[in-house]
Amino acid sequence: MGVFTLEKEITTAVPQDKMFKVFVLESHTLIPKIVPSISIEILEGTGGPGTIKKTSFSQGDIKYIKTKVDSTDKENFTHSYSIIGGEPWMPELEKVSYEVKVLASPDGGSICKSTSTYYPKEGCEIDEEKIKAGADKAQGLFKIVEAYLLANPDA
């Protein structure tokens, strides 16, 4: 088996610019305020391409992940990054790359589209069901942030 790609689409009442701000532009300061069990620190860089972040979780099976920003386009509301490690890390994976686009929806909210690509190490197999289950858990974080933003429109 080779590379595995998973596409997700989430619709929200939160406007495009606010979703992009919280999840991309200011995630390292805003996400920990909304979800105190998560901390994000910048290990290298200033937020742009090449920046390496460490996201730590005080709850759940994953202790932390390290991500590297590949590109951010503020005008088109797109962001791409890769998970380059973590604890625990799936030993069969080389990396996971994400491409995220936040689109404005006609009702004033937004549509968040995400494509994740999983790159296995040479000779390794990917457990697609495990990947899908992990993506569903990540969607839970999105829903927590969405609920907070809808309840606190000035946040």
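Colleague: Contact here means heavy atoms within 4.5 Å. Now, which residues does Ser97 touch, not counting residues up to four places away in sequence?

Modeller: This is a predicted model, to be clear. Not counting residues up to four places away in sequence, Ser97 touches Tyr81, Ser82, Thr115, Ser116, Thr117 and Tyr119.

Colleague: Where is Ser97 found?

Modeller: In strand E6, which covers residues 93-104.

Colleague: Is Ser97 buried or exposed?

Modeller: Buried. The relative accessible area of Ser97 is 14%, and the cut-off for buried is under 20%.

Colleague: With which side chain does the side chain of Ser97 make a polar contact?

Modeller: With that of Ser82, at 3.1 Å. Ser82 is also on the list of residues that Ser97 touches.

Colleague: Staying in E6, what about Lys101? Which backbone oxygen lies 3.0 Å from a polar atom of its side chain?

Modeller: The backbone oxygen of Asn76. Lys101 sits in strand E6 as well. Lys101 has 32% relative accessibility, so it counts as partly exposed.

Colleague: And which residues does Lys101 touch, not counting residues up to four places away in sequence?

Modeller: Asn76, Phe77, Thr78, Ile111, Cys112 and Lys113, with residues up to four places away not counted. Lys101 and Gln16 are 85 residues apart in sequence, and their C-alpha atoms are 9.7 Å apart in space.

Colleague: Phe77 is on that list. What is phi of Phe77 near?

Modeller: Near 55°. That is a positive value in a residue other than glycine. Most residues other than glycine have a negative phi.

Colleague: Where is Phe77 found?

Modeller: In the loop between E4 and strand E5, the latter being 78-87. Phe77 still counts as buried, because its relative accessibility is 18% and the cut-off is under 20%.

Colleague: Changing topic. How many helices and strands are there in the protein?

Modeller: There are 3 helices and 7 strands. From the N terminus on, the order is β-α-α-β-β-β-β-β-β-α. The protein is as compact as a globular protein of its length, because its radius of gyration is 15 Å, close to the 15 Å that the globule rule gives for 155 residues.

Colleague: What box do the C-alpha atoms fill?

Modeller: Roughly 50 × 30 × 30 Å, taken along the principal axes. Buried residues make up 37% of the 155 residues.

Colleague: And what share of the contacts with a separation of 6 or more comes from residues 24 or more positions apart?

Modeller: 48%.

Colleague: Which residues line the second largest pocket?

Modeller: Val24, Leu25, His28, Thr46, Gly47, Gly48, Lys53, Val69, Thr72, Lys74 and His79. They divide into 3 nonpolar, 6 polar and 2 charged.

Colleague: Pick His79 from that lining. Where does His79 lie, and is it buried or exposed?

Modeller: His79 lies in strand E5. His79 is buried, at a relative accessible area of 9%.

Colleague: What does the side chain of His79 make a polar contact with?

Modeller: The side chain of Thr72, at 2.8 Å. The side chain of His79 also reaches the backbone oxygen of Ser71, at 3.4 Å. Thr72 is one of the lining residues too.

Colleague: What else is His79 in contact with, leaving aside neighbours within four places in sequence?

Modeller: Leaving those neighbours aside, the contacts of His79 are Phe20, Val24, Val69, Ser71, Thr72, Tyr98, Glu99 and Val100. Among them, Val24 and Val69 line the pocket.

Colleague: Back to helix H1. Which residues does Phe23 touch, not counting residues up to four places away in sequence?

Modeller: Ile31, Phe142 and Val145, with residues up to four places away not counted. Phe23 is found in helix H1. Phe23 is partly exposed, at a relative accessible area of 27%.

Colleague: Last one, Asp61. Buried or exposed?

Modeller: Exposed. Asp61 has a relative accessible area of 63%, and the cut-off for exposed is over 50%. Asp61 is in the loop between strand E3 (52-57) and strand E4 (64-73).

Colleague: What is Asp61 in contact with, leaving aside its neighbours within four places in sequence?

Modeller: Pro88 and Lys137, with those neighbours left aside. Asp61 and Pro88 are 27 residues apart along the chain, and 7.8 Å separates their C-alpha atoms.

Conventions. Residues numbered from 1 in each chain as written. Predicted model: local features only at pLDDT ≥ 70, side-chain atom pairs only at ≥ 80, totals over all residues. Heavy atoms only, no water. Helix = DSSP H or I, 4+ residues; strand = E, 2+ residues; numbered from the N terminus. Buried < 20%, exposed > 50% of the residue type's maximum accessible area, 1.4 Å probe, protein only. Polar contact = N/O pair within 3.5 Å; in protein donor to acceptor, adjacent residues only side chain to side chain. 1 Å grid on protein atoms, 1.4 Å probe; cavity = no way out; pocket = protein on both sides within 12 Å on 5 of 7 lines; lining within 4 Å. Nonpolar A, V, L, I, M, F, W, Y, C, P; charged D, E, K, R; others polar. Rg over C-alpha atoms; globule rule 2.2 N^0.38 Å.
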